[in-house]
Amino acid sequence: MFFSQAGARPRMWEASPSEHKKWVEVFKACDEENKGCLSRENFKVAVVMLFGYKPSKIEADAVMSSVDPNTSGILLKEFLDIVRKKKEAQLYWNEIRHIFTAFDRHYRGYLTLEDFKKAFKQVAPKLSERIILEVFSDIYEILLLHHLQADY
């Protein structure tokens with residue numbers, strides 16, 4: 001697949017000092033019993049505070065299964081890492097959405113292969129049609145997987 005070979009993944013991103021401070025404040029606010037960790041329910045509240053949505057059962061299960069079983073919840077360091085990764089993914093999908101919007105010249109909310117070919121002919125006229133087809137196929141697959149994950 002083209003994206004696998006090209007390494008198209010969310011880039012490492014570091015929070016600004018003020019954003020990092022906000023994350024720590026949210027952690028402390030949600031750590032109601034001052035145990036130094038967040039329970040499953042407290043984690044959900046923290047995600048609502050930071051991202052504006054309640055995590056699904058699958059997302060909460062995945063996070064809790066990654067927690068050290070010797071602790072009674074998510075430690076601050078783990079929480080900060082989880083939030084950073086969520087923020088990276090959010091920025092990555094915003095970038096994808098921005099690129100999609102630039103390609104969607106007819107404002108239809110979807111791209112045809114012809115739209116895709118026209119866009120690539122403008123930005124990379126010497127790119128082979130085989131590569132364009134491969135990229136289109138990879139993007140379709142990525143978006144389909146993302147859509148399926150969002151349904152859970």
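The structure is a predicted model. In a UniProt record, an unreviewed entry, residues 91–126 and residues 18–53 both carry the feature "domain: EF-hand". The points below cover these stretches, a pair of helices and one threonine.

**The annotated stretches**
- The record places the feature "domain: EF-hand" at residues 18–53 as well as at residues 91–126.
- Residues 18–53 are 69% helix and 6% strand, with end C-alpha atoms 22 Å apart.

**Helix 3 and helix 5**
- Helix 3 spans residues 40–51 and helix 5 spans residues 76–103; their axes come within 12 Å and cross at roughly 40°.
- The crossing of helix 3 with helix 5 is right-handed.
- Helix 3 contributes Phe43, Ala46, Val47, Leu50 and Phe51 to the contact, while helix 5 contributes Phe79, Ile82, Val83, Lys86, Lys87 and Gln90.
- Sorted by class, this contact between helix 3 and helix 5 holds eight nonpolar residues, one polar residue and two charged residues.

**Threonine 101**
- Threonine 101 belongs to helix 5.
- The relative accessible area of threonine 101 is 44%, so this residue counts as partly exposed.
- Threonine 101 and leucine 111 are ten residues apart along the chain, and their C-alpha atoms are separated by 9.5 Å.

Note on methods:
Residues numbered from 1 in each chain as written. Predicted model: local features only at pLDDT ≥ 70, side-chain atom pairs only at ≥ 80, totals over all residues. Heavy atoms only, no water. Axes fitted to C-alpha atoms, helices over the stretch in contact; angles between N-to-C directions. Helix = DSSP H or I, 4+ residues; strand = E, 2+ residues; numbered from the N terminus. Left-handed = near helix turned anticlockwise from the far one by under 90°. Contact = heavy atoms within 4.5 Å. Nonpolar A, V, L, I, M, F, W, Y, C, P; charged D, E, K, R; others polar. Buried < 20%, exposed > 50% of the residue type's maximum accessible area, 1.4 Å probe, protein only. UniProt positions renumbered as here; feature names shortened; annotations may be inferred.
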